[in-house]
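Biologist: Please take a close look at one part of this model. I would like the aromatic contacts in detail, with the cut-offs.

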Amino acid sequence: MDEHLKNTILKAFASFKKNNKDSFKIKISYLLIFIFLISGSFIATYSSYAKAKAKLIENSEYINQLEGENETLENETKSLESENQVYKNNLNDLEEKTNELESKLSELQNTRKSIEETLDKINNGTSSSLSDAQTSCYSDSKENSSSEGILALSSKLMLIESSLENEESAYTGVLGNAEYTLAASSKVPDLWPVYGIVTSEYGYRADPVYGCSAFHQGIDIDTITGDPVIASASGKVKKAEYNPSYGYIIEISHGNGYSSVYAHNSELLVEAGDEVVQGDVVAYAGATGKATGSHLHFEIHLNGNLINPRDVLSWHK
């Protein structure tokens, strides 16, 4: 083999060896890139899974909390209904006893009048059947005995009447206090306006529409469109209208510094100026105005200032 051919073969072998080495490096680079992508995808997937799991646990705990609050609400509502029933029963008993006392007093007054009339008849009849001498003699003794008898009966009747009047006055005072207590309690907005879970509390939160931090002026209670909305307390409807943010809204003034607001209703059943009683259905729930779903936005004001409704509602008494 001549020198030229030998050099050509060596150069070709060196070139082949170099090309194989470069190809191997490229394959290694591709493999490393593939491994990096797979690792990144796995890490991202695992991170999403971990976040989803944590969110699920958080939601589960929140649901348990809401269920606990809901159970507490049911128990407190039953307790309040029981207390109201006791008040009503006591009020009925007091009214019956007052009527009974008035009836007894009337009977005693009639009896007294009847006794006085009978004594007058006896005195007149006895007087006409006696002689002048006997009449003169009898008249003195008769007048004394009759007067003493009438005075004694009158005294007894007056004592009985006085006792009955005092007892009636006491019952009337208790009855008045009970009626005042019932009337005053019915003007405090402590009755839940709808049955549902509180989905947003009073205070600062992320606005559900715009996402920014904003002060929430009441509480949001989850509803189904058409659920009845009741007056939390007795009072006069101050406002019943449509508002771009609150939708169909009702404001009730309770006359003791308290007022309550019911927003996002689908239909209003009262008008401004109407008088309502605690428990009256005043609207149907909905999602009108600025709302992401059917719920009732409920506010309570005291002397013109916003307060947390939970500080007043029944189970927080």
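Modeller: Here is the aromatic cluster, residue by residue. This is a predicted model, where local features need pLDDT of at least 70, side-chain atom pairs count only at pLDDT 80 or more, and totals for chains, interfaces and linings use all residues. Residues are numbered from 1 along each chain as its sequence is written, and side-chain values use heavy atoms, with hydrogens and water left out.

Rings of Phe, Tyr and Trp (its six-membered ring) pair if their centres lie within 6.5 Å; planes under 30 degrees apart are stacked, over 60 edge-to-face, and the rest tilted. That rule gives four aromatic pairs. One of them joins Tyr-202 and Phe-215: the ring centres are 5.2 Å apart and the planes meet at 85°, so the pair is edge-to-face. It links distant parts of the chain, 13 residues apart. Tyr-202 sits in the loop between strand 1 (198-200) and strand 2 (203-206), Phe-215 in strand 3. Strands here are DSSP runs (E, at least two residues), numbered from the N terminus.

Phe-215 also pairs with Tyr-204. This pair is edge-to-face too, with 5.2 Å centre to centre and 75° between the planes. Tyr-204 lies in strand 2 and Phe-215 in strand 3, so the contact ties together parts 11 residues apart in sequence. Tyr-202, Tyr-204 and Phe-215 form one aromatic cluster.

Now accessibility: buried means under 20% relative accessible area, exposed over 50%, partly exposed in between (1.4 Å probe, protein chains only). Tyr-202, at 23%, is partly exposed. Phe-215, at 38%, is partly exposed. Tyr-204, at 67%, is exposed.

Definitions and conventions:
Helices (H or I, at least four residues) and strands (E, at least two) are DSSP runs, numbered from the N terminus.
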